[in-house]
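Here is a short briefing on one protein chain. Look at the sequence and the fold, then work through the points below.

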Amino acid sequence: MLTLLIVVKDIEKSRQFYHNLFGLDMLLDNDGNMILTEGLVLQEEAIWKKFLDRDVIQENNATELYFEERNIEDFVEKLERLYPDIRYVNRLMTHSWGQKVVRFYDLDGNLIEVGTPMR
């Protein structure tokens, strides 16, 4: 099983964000580390900084979380309704191969891409 950890400033706000948009639920809350369904782990920034002894570089564009949504127009509408101040990398667009995608940053600058399924 693959697990992916992302750094967040406010773990409860981030939990709510990922639940509201992607339906992820909390499996375990362990004092600054929260495991969500689908293998996503949220870790509070203070803990991450202590482990690494380095600053967190937000919006670094080195990685992205990828989700698929069949009805991406409804997803974008929900995103804009729930999080009107979200920062976009690109609004809804269609690639030359036909896939529709939107890219944006979560509340802490983690890059997210949501696309229509390719299968």
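Leaving aside neighbours within four places in sequence, which residues is Leu40 in contact with? They are Leu4, Ile6, Tyr18, Leu24, Met34, Ile35 and Leu65. Keep in mind that this is a predicted model.

- Leu40 is found in strand S4. Its relative accessible area is 6%, so Leu40 is buried.
- Leu40 and Ile6 are 34 residues apart along the chain. Their C-alpha atoms are separated by 7.7 Å.
- Gln43 also has its place in S4, which covers residues 40-44. Gln43 counts as buried because its relative accessibility is 4%, and the cut-off for buried is under 20%.
- A polar contact joins the side chain of Gln43 to the side chain of Asn33. The distance is 2.6 Å.
- Not counting residues up to four places away in sequence, Gln43 touches Leu5, Ile6, Val7, Val8, Gly32, Asn33, Trp48 and Phe51.

**Asn110, a buried loop residue**

- Asn110 is found in the loop between strand S7 (100-105) and strand S8 (111-115). Is Asn110 buried or exposed? At 18% relative accessibility, Asn110 counts as buried.
- A polar atom of the Asn110 side chain lies 3.3 Å from the backbone oxygen of Val7.
- Asn110 is in contact with Ile6, Val7, Val8, Phe104 and Tyr105, leaving aside neighbours within four places in sequence.

- S2 and S3 pair in the antiparallel sense. Three bridges join them.
- Leu28 has its place in strand S2, residues 26-29. Its bridge partner in S3 is Ile35.
- Leu28 counts as partly exposed, at 42% relative accessibility. Together with Leu27 and Ile35, Leu28 makes a nonpolar surface patch of about 270 Å².
- Asp31 is not a glycine, yet it has a positive phi of about 50°. Its relative accessibility is 72%, so Asp31 counts as exposed.

**The loop between S3 and S4**

- Glu38 has its place in the loop between S3 and S4.
- Glu38 has a positive phi of about 70°, although it is not a glycine.
- Glu38 counts as exposed, at 71% relative accessibility.

**Strands S5 and S8**

- S5 and S8 run parallel. Four bridges join them.
- Strand S5 covers residues 65-68. What lies on its covered face, and what on its uncovered one? Leu65 and Phe67 make the covered face, while Tyr66 and Glu68 make the uncovered one.
- Tyr66 stands opposite Glu113 in S8.

**Salt bridges**

- Side chains of opposite charge can pair when their charged atoms come close.
- How many salt bridges does a search of the whole structure find? The search finds six. Three of these pairs are described here.
- Glu59 and Arg87 meet through their side chains in a salt bridge, 2.6 Å from N to O. Glu59 lies in the loop between helix H2 (45-52) and S5, and Arg87 in strand S6 (residues 87-94), so the pair ties together parts 28 residues apart in sequence.
- Glu59 is partly exposed, with a relative accessible area of 34%. Arg87 is partly exposed too, at 35%.
- Glu80 forms a salt bridge with Arg91. The closest N and O atoms are 3.4 Å apart. Glu80 is in helix H3 (residues 72-82) and Arg91 in strand S6, eleven residues apart.
- Glu80 is partly exposed, with a relative accessible area of 38%. Arg91 counts as exposed, at 52%.
- Arg103 and Glu113 meet in a salt bridge of 3.1 Å, N to O. Arg103 lies in strand S7 and Glu113 in strand S8, so this pair ties together parts ten residues apart in sequence.
- Arg103 is buried at 18% relative accessible area, and Glu113 is buried at 7%.
- Glu64, Arg103 and Glu113 are linked in a network of salt bridges.

Notes. Residues are numbered from 1 along each chain as its sequence is written. This is a predicted model: local features need pLDDT of at least 70, side-chain atom pairs count only at pLDDT 80 or more; totals for chains, interfaces and linings use all residues. Side-chain values use heavy atoms; hydrogens and water are left out. Helices (H or I, at least four residues) and strands (E, at least two) are DSSP runs, numbered from the N terminus. Buried means under 20% relative accessible area, exposed over 50%, partly exposed in between (1.4 Å probe, protein chains only). A polar contact is a pair of N or O atoms within 3.5 Å; within protein, one must be able to donate a hydrogen and the other to accept it, and residues adjacent in sequence count only if both atoms are side-chain atoms. Contact means heavy atoms within 4.5 Å. Patches are made of residues with over 30% relative accessible area and no salt bridge: like charges are joined within 9 Å, nonpolar side chains (Val, Leu, Ile, Met, Phe, Trp, Tyr) within 5 Å. Accessible areas come from the Shrake-Rupley method with a 1.4 Å probe; for residues, only the protein chains shown count as cover. A salt bridge is a side-chain nitrogen of Lys or Arg within 4 Å of a carboxyl oxygen of Asp or Glu. Two strands pair if DSSP finds at least two bridges between them.
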